[in-house]
Amino acid sequence: MRVVLITGISGSGKSVATNVLEDDGYFCIDNLPARFLGEVIASLQEAGHDKVAVSIDARSGDSVSDLRHVVGALGRYGHDVKVIFLNARTETLVQRYSETRRRHPLSLRGGQGAEAPTLIESIEREREMMSPIEDVGVSLDTSDLHPNVLRSWVREAVGTDRASMTIVFESFAYKHGVPLDADLVFDVRCLPNPYYTAELRPLTGLDAAVAEYLRAIPSVQRMVDHIADFLHAWLPHYILENRSYLTVAIGCTGGQHRSVYCVEELARRFHRIEQVLVRHRALASRQTLPP
């Protein structure tokens, strides 16, 4: 199995790292005591999982010190184990806790009758607890990192490629409103409408006759080309934002002819680049109407 252990100082970005690995297909577990790691990995392997990411931090208490031994044991069983230790400057951590207004995990661990430690005292106590394992794997200082940079660095450290983005091409009818899930919206109502050709009116953009009609019109092809050029130019920027989905909505008056044809054409062009899904809102609504 590929096993990635995310550890380090609370507030340094472990949730960001875990989430990006989950997006890349890893089975993720948060806050697992190190002493249970071997048992859990064996159970997940029996269940058929081959990629696991586990977050281990000071909430696990003294079992954190077992991590070095556990990593060695997993390696002897043939697992590919990588450890990422995330850290940040104290002033950065204080600012992050101030922004989120969350408690530090060690802030409620004062002794009986003792006052709860301050945030800075909790951070320094955690540094002491985590210092024995700081050199077990790759150490990353996240103090000045944008979350997207941290995501990229985690992928590089783990040696995994990003999961492919899913582009959803969606046709819709303006008379029913713009879909709420649309990221990009293109209006093709300016194109010639097959609705006004009697033999094409009952058909849809999925039918060959409508497709042939629209394909023969230069303005229709220019519209599809321009939308495709826009997506080719800007898709890399959306990918850099580590987006998993991008919904491109194409609208016409009734959502039956022009928008459906354009969606099918764009999906055909982009399916070799990223994973593509196609939705036709107006057609789906028509099919689900009672007789």
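Modeller: Let's begin with the element names: helices (H or I, at least four residues) and strands (E, at least two) are DSSP runs, numbered from the N terminus. In that scheme, aspartate 57 sits in the loop between S3 and H3. Bear in mind that this is a predicted model: local features need pLDDT of at least 70, side-chain atom pairs count only at pLDDT 80 or more, and totals for chains, interfaces and linings use all residues. Numbering starts from 1 along each chain as its sequence is written, and side-chain values use heavy atoms, leaving out hydrogens and water.

Colleague: How many helices and strands does the chain have?

Modeller: There are 10 helices and nine strands.

Colleague: What is aspartate 57 in contact with?

Modeller: Contact means heavy atoms within 4.5 Å. Leaving aside neighbours within four places in sequence, aspartate 57 touches Thr7, Gly8, Lys14, Asn31, Val64 and Met130. Threonine 7 belongs to strand S1 and is buried too, with a relative accessible area of 1%. Beyond its own neighbours within four places, threonine 7 has contacts that include Asp57, Leu67 and Phe85. Threonine 7 and valine 64 are 57 residues apart in sequence, yet their C-alpha atoms are 9.2 Å apart.

Colleague: Which residues of helix H3 are buried?

Modeller: Here is the general idea: an α-helix has 3.6 residues a turn, so residues three or four places apart point the same way. In H3 (residues 67-76), the buried ones are Leu67, Val70, Val71, Ala73 and Leu74. They lie on the same side of H3 because they cover an arc of only 165 degrees around the axis; that arc is taken from the directions from the helix axis to the C-beta atoms. His69 and Arg76, on the other side of H3, are exposed.

Colleague: What covers the buried residues of H3?

Modeller: The cover includes strands S1 (2-8), S3 (51-56) and S4 (80-87), together with helix H2 (37-46).

Colleague: Which residue just after H3 takes a positive phi?

Modeller: That is glycine 78, at about 95 degrees. Positive values also turn up in residues other than glycine: phi of asparagine 31 is near 60 degrees, and arginine 101 has about 60 degrees. Asparagine 31 is in the loop between strand S2 (27-30) and H2 and is partly exposed, at 26% relative accessible area. Arginine 101 is in the loop between helix H4 (90-100) and helix H5 (119-130), and at 78% it is exposed.

Colleague: Now the whole chain: what is its radius of gyration?

Modeller: This value is taken over C-alpha atoms, and the globule rule is 2.2 Å times the number of residues to the power 0.38. The chain has 26 Å, whereas a compact globule of 291 residues would have a value near 19 Å. Its C-alpha atoms fill a box of roughly 85 × 45 × 40 Å along the principal axes. Buried residues make up 44% of the 291. Among contacts with a separation of 6 or more, 78% join residues 24 or more positions apart.

Methods: Buried < 20%, exposed > 50% of the residue type's maximum accessible area, 1.4 Å probe, protein only.
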